[in-house]
Amino acid sequence: MRPVPIESQPLVWNPCFANLGEDFLTHLQPTPLPETYWIHKNQHFLRTLGWPTEGLNSADALLAFSGCAIPEGAKPFASVYSGHQFGVWAGQLGDGRAITLGEVDSALGLQEVQLKGAGPTPYSRRGDGRAVLRSSIREYLCSEAMHGLGIPTTRALCLTGSPQSVRREEIETAAVVTRTAPSFLRFGHFEHFSSSGQTAQLQKLADHALAEHLPECKVRASAGEHNGNIYAVMLQTVCDRTAHMVAQWQAVGFCHGVMNTDNMSILGLTLDYGPFQFLDGFNPRHICNHTDSQGRYAYHRQPNVAYWNLFCLGQALAPLINDQDLTVSVLETYKSSFPMALDQAMGRKLGIVDRALIDQLLQLMAKEQVDYPLFWRQLSHAVLAQGAQTGSEASAWTLVRDLFLDRPAWDIWQQDYLRALGEHDVSQVGQSMLAHNPKFVLRNHLAEIAIRKAKSGDFSEVDTLMTLLQSPFEEHPGYEAYAQLPPAWASSIEISCSS
Ligand code: AMP
Ligand code: MG
């Protein structure tokens, strides 16, 4: 079965990456799935993109976004990249199950539209080119959750499914996530051409990224940054964006389960949601990927892993930067930019920037594995009540205190915190904290419940979670259960690379 072209899909396709040519990608067709069905349409994002509102409503749209038909004007492809996986050079990888339909103009600029799980490509190696319903729901929900939290990420436009069997640890069914980003370029794309000595292609790729996606680099290089070395400025930009992204991850308690260099975006977007997790109890050593037996990607290691990955990118760009000392000095900036970004992010959570208070607090929380999202939300409410002085502050503080077993240690920290807050407009601080400490995050068990229901054909939990996670700082009265402590069974959920 080959996909058939359709003409009624109202998007304007405008090739950009594909113009780089066949050293970079292979044109191919998705492999259609049988009896496809809708799981979710992100109408909210469709409107943000400024795409025609009928875009997801036709039968043709279902065909197009499940890989069963090709929209008129689209010329699908899969791209080649390489990468380091779990610290080891893995050689050539590539889009093994993601097929880009093409690029489309939008209110957010040019967007690559990619179908994840649309069938095998020349880069599938031994894989089947498919994605299962379980992992597709997780990616779909989490990318929107991250966006709702204000964290840079790829986005998701819609989710379709099929009864086709897919073999993983057990037999599951197939799904396709339609995801978008200005570019899905990874560190691994640059490593691919650099490692094989294809310097002309490396430069072509870097010039493409600079012209299409990082235009500020040219301006900064022209102004003399890094002696006008535009590739050094490019590396600097990726270092800065990565520092910002990982600081946001850490602050919200997010772990990316597979921080391989092929899963690191050149634009500093959270990319490839597999075995990710938002922390429940605060355990800095938490490993969210069942397959990661060494804990390489444990929560507390992620900032250093990002630095390691940036070194791989620096090495890949070295032939273009052509100045080893400069390359190293750019990479070194991460050592100060990351802690600075983290201080700011944690400062927004605490309401004031105070590294000593944060360090003491996190030690206290780690000792007892205090629930991370719940603590911050309740602390925000307590500070707001403290500022309002309506008499509700005592009970608001009690709710926070009750999260700790070592109450005397908590009391000491609270006294120090109140003293530090005393110099500020406490009401205003409380308001700001509520806008930076989400009520709703995609805890594993919430995703799990949505997956279980979806497996029986009920997608209502996907709908509900999308609504809550798209505005996670709002109260959403009636949905308190989604913001509570996880049930006991949540700790037994095992998420692996198998997706
Ligand atoms: P990941 O661990 O998902 O980042 O994938 C690592 C590499 O394996 C990438 O090149 C993926 O495209 C490829 N891959 C993962 N799963 C599959 C699959 N089911 N079929 C084909 N390729 C896959
Ligand atoms: Mg990947």
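A residue is called buried when its relative accessible area is under 20%, exposed when that area is over 50%, and partly exposed in between, using a 1.4 Å probe and counting protein chains only. By this rule, buried residues make up 58% of the 499 residues in the protein chain. The structure is a predicted model, in which local features need pLDDT of at least 70, side-chain atom pairs count only at pLDDT 80 or more, and totals for chains, interfaces and linings use all residues. Residues are numbered from 1 along each chain as its sequence is written, chains are lettered from A and ligands numbered from 1 in the order in which they are written, and side-chain values use heavy atoms, with hydrogens and water left out.

**Overall build**

- The protein chain has 17 helices and 14 strands, where helices (H or I, at least four residues) and strands (E, at least two) are DSSP runs numbered from the N terminus.
- A compact globule of 499 residues would have a radius of gyration near 23 Å, and the protein chain agrees because its own value is 23 Å; the radius is taken over C-alpha atoms, and the globule rule is 2.2 Å times the number of residues to the power 0.38.
- The C-alpha trace of the protein chain spans about 65 × 60 × 40 Å along its principal axes.
- Of the contacts (heavy atoms within 4.5 Å) between residues at least 6 apart in sequence, 72% join residues at least 24 apart.

**Magnesium site**

- The magnesium ion (ligand 2) is coordinated by Asn263 (OD1) and Asp272 (OD), at 2.0 to 2.1 Å.
- Donors are N, O and S atoms within 2.8 Å of the metal (3.2 Å for Na, K and Ca), and sites may look incomplete because water is not among the atoms.
- Both Asn263 and Asp272 are buried.

**Loops on either side of helix H6**

- His213 lies in the loop between helix H5 (199-212) and helix H6 (216-222), and His213 counts as buried because its relative accessible area is 13%.
- When neighbours within four places in sequence are set aside, His213 is in contact with Pro182, Ser183, His208, Arg241 and Leu267.
- The loop between H6 and helix H7 (230-252) holds His226, and Asn227 lies in the loop between H6 and H7 as well.
- His226 has a positive phi of about 50 degrees although it is not a glycine, and Asn227, also a residue other than glycine, has a positive phi near 55 degrees.
- Most residues other than glycine have a negative phi.
- Asn227 is classed as exposed because its relative accessible area is 70%.
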